[in-house]
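User: Please take a close look at a single part of the structure below. I would like to know how its pieces are placed and what links them to one another.

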Amino acid sequence: MKKLLTLLMLTAATQSFAQTDEEQIKATINQVFDGMRKSDSSLVRAALHPSCSLKSIGKSKTGEVRLQEDAILGWLKQIGTKREGVILDERLTSYDIKVDGEMAMAWTPYEFYVNDKFNHCGVDLFTMMKTDKGWKIVGIVDTRRKENCVK
């Protein structure tokens, strides 16, 4: 009986320390922005699936809606290039996460700051995949604007 009780207690303790999918997804996303603040492209890369894509939806100067695709390697190079005294800080204001088995999406409004000075806002949409190494980002689509930002 003692062995059974000990086993049950260990199982309950292990489960209480296990992170939920939502917590793991948030941690993966936060890893990207921690890496940006630290200019650590390796930290960012570790959160991404090898085939991750990066796109932005916005308006041209003439008001035409356009889709811009950026190369992940170029973005990672920008992140890893240290600029003395410059901190890029994307602050997420909320998370709306949906999970279906091994697929998830996270809608995350944000405010972007350069050295604590507001630059722009928008929404990041992360599509994610659960792998044997945890949740990985397979796609990022964002919007960027300077007006209609709640600060």
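Analyst: A residue is called buried when its relative accessible area is under 20%, exposed when that area is over 50%, and partly exposed in between, using a 1.4 Å probe and protein chains only. By this scale Cys52 is buried, at 10% relative accessibility. This is a predicted model, in which local features need pLDDT of at least 70 and side-chain atom pairs count only at pLDDT 80 or more, while totals for chains, interfaces and linings use all residues. Residues are numbered from 1 along each chain as its sequence is written, and side-chain values use heavy atoms, with hydrogens and water left out.

The part to look at is strand E5, with its neighbours. Helices (H or I, at least four residues) and strands (E, at least two) are DSSP runs, numbered from the N terminus. Two strands are said to pair if DSSP finds at least two bridges between them. Strand E5 covers residues 103-114 and runs antiparallel to strand E3, residues 88-92, with five bridges joining the two. Leu88 has Val114 of E5 as its bridge partner. Strand E4, residues 96-100, also pairs with E5 over five bridges in the antiparallel sense. The hairpin of E4 and E5 has two residues between the strands, and Gly101 takes a positive phi near 65 degrees in it.

On to strand E6, residues 117-131, which pairs with E5 over 12 bridges, again antiparallel. Phe112 stands opposite His120 of E6. In the hairpin of E5 and E6 there are two residues between the strands, and Asn115 has a positive phi near 55 degrees.

Next come the charged residues. Side chains of opposite charge can pair when their charged atoms come close. A salt bridge is counted when a side-chain nitrogen of Lys or Arg is within 4 Å of a carboxyl oxygen of Asp or Glu, and the count comes to eight. One of them joins Asp116 to Arg91, with the closest N and O atoms 2.7 Å apart. Because Asp116 lies in the loop between E5 and E6 while Arg91 lies in strand E3, the pair ties together parts that are 25 residues apart in sequence. Asp116 is exposed, at 62% relative accessibility, whereas Arg91 is partly exposed, at 30%. Asp96 forms a salt bridge with Lys98, at 3.5 Å from N to O. Asp96 is partly exposed at 36%, and Lys98 is partly exposed at 49%.

Arg91 and Asp116 also belong to a network of salt bridges with Asp34, Arg37 and Asp89. Within it, the side chains of Asp34 and Arg37 meet at 2.6 Å, N to O. Both of these residues lie in helix H2, residues 21-38, three residues apart, or about one turn of the helix.

A disulfide is a pair of cysteine sulfur atoms within 2.5 Å, and the model has one. Cys121 is joined to Cys149, with 1.9 Å from S to S. Cys121 sits in E6 and Cys149 in the segment after strand E7 (134-143), 28 residues apart, and the pair links distant parts of the chain. The torsion about their S-S bond is about -80 degrees, so the disulfide is left-handed. Cys121 is buried at 3% relative accessibility, and Cys149 is buried at 18%.
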